[in-house]
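Here's a quick briefing to read alongside the coordinates.

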Amino acid sequence: MDTDTDTDTTDTMDTTDTEETAPAARPGTDRAQYGVCAFLAGLGILVIVDATGIPNTVSSTDLLGPRPVPLLLGALLLGVSVLYGIDVARGGRGEPEHGEDIDLASPIDWRTVLLLIGAFAANAVLIERLGWVISGGLLFWGAAFALGSRRYVLTAAISAALSLGTFYAFAIGLGVNLPAGVLQGIL
């Protein structure tokens, strides 16, 4: 017997036909996107249901009352969820975030995050005692410092102008009085 001609054919048999392959996912079938659609629809329904509980009081200066705006927003949320669901079903997909000027592979800068959290927490604690102008100025200055500003005097001047400007914008423009704190009677 010639052993060179007796080769085992089972070694050369193509096994790809017998292996089970997972069905390829259709392009655009991302279940998470449908979750976003469901969330938007649920939020729209919640806003509409909540808006129906608002008393529709109209006056000579307000002919519509407070109810139409949340009803419109709820309806728009429902509409967006339906249109988004149709887009996802047709294969539409959002582009993954590439980052504009950041390296997404770099680790989180915890120092900056903690400094920003500290600035917001200090504002929340101090706003009633010191007032918006001082606590807001500290918030703006702390956020600028956390994000890398090292021009302390210029940053303090801009922060003071921003907090004072927003104080008067809310008071005069919107009729909302922010806490004056220790500057009560001066502002």
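Accessible areas here come from the Shrake-Rupley method with a 1.4 Å probe. On that basis, the protein exposes about 14,100 Å², with carbon and sulfur atoms supplying 65% of it. Keep in mind that this is a predicted model.

**Overall picture**
- The protein is built with five helices and zero strands, so reading along the sequence gives you the pattern α-α-α-α-α, with helices taken as DSSP runs.
- Of the 187 residues in the protein, 18% are buried.
- Take the contacts between residues at least 6 apart in sequence: 54% of them join residues at least 24 apart.

**Helix α3: length and bend**
- Helix α3 covers residues 110–130, which makes 21 residues.
- From first C-alpha to last, α3 reaches 28 Å, close to the 30 Å expected at 1.5 Å a residue.
- There's a kink in α3, though: about 35°, centred on A124.

**Helix α3: what's tucked away**
- Which residues of α3 are buried? They are T112, A119, N123 and I127.
- An α-helix has 3.6 residues a turn, so residues three or four places apart point the same way. That's handy to remember when you look at A119, N123 and I127, which are among the buried residues of α3.
- The cover over the buried residues of α3 includes α4 (132–146).

**Where α3 ends**

Terms used
Residues are numbered from 1 along each chain as its sequence is written. This is a predicted model: local features need pLDDT of at least 70, side-chain atom pairs count only at pLDDT 80 or more; totals for chains, interfaces and linings use all residues. Side-chain values use heavy atoms; hydrogens and water are left out. Helices (H or I, at least four residues) and strands (E, at least two) are DSSP runs, numbered from the N terminus. The expected span of a helix is 1.5 Å times one less than its number of residues. The bend at a residue is the angle between axes fitted to the seven residues ending there and the seven starting there. Buried means under 20% relative accessible area, exposed over 50%, partly exposed in between (1.4 Å probe, protein chains only). Contact means heavy atoms within 4.5 Å.
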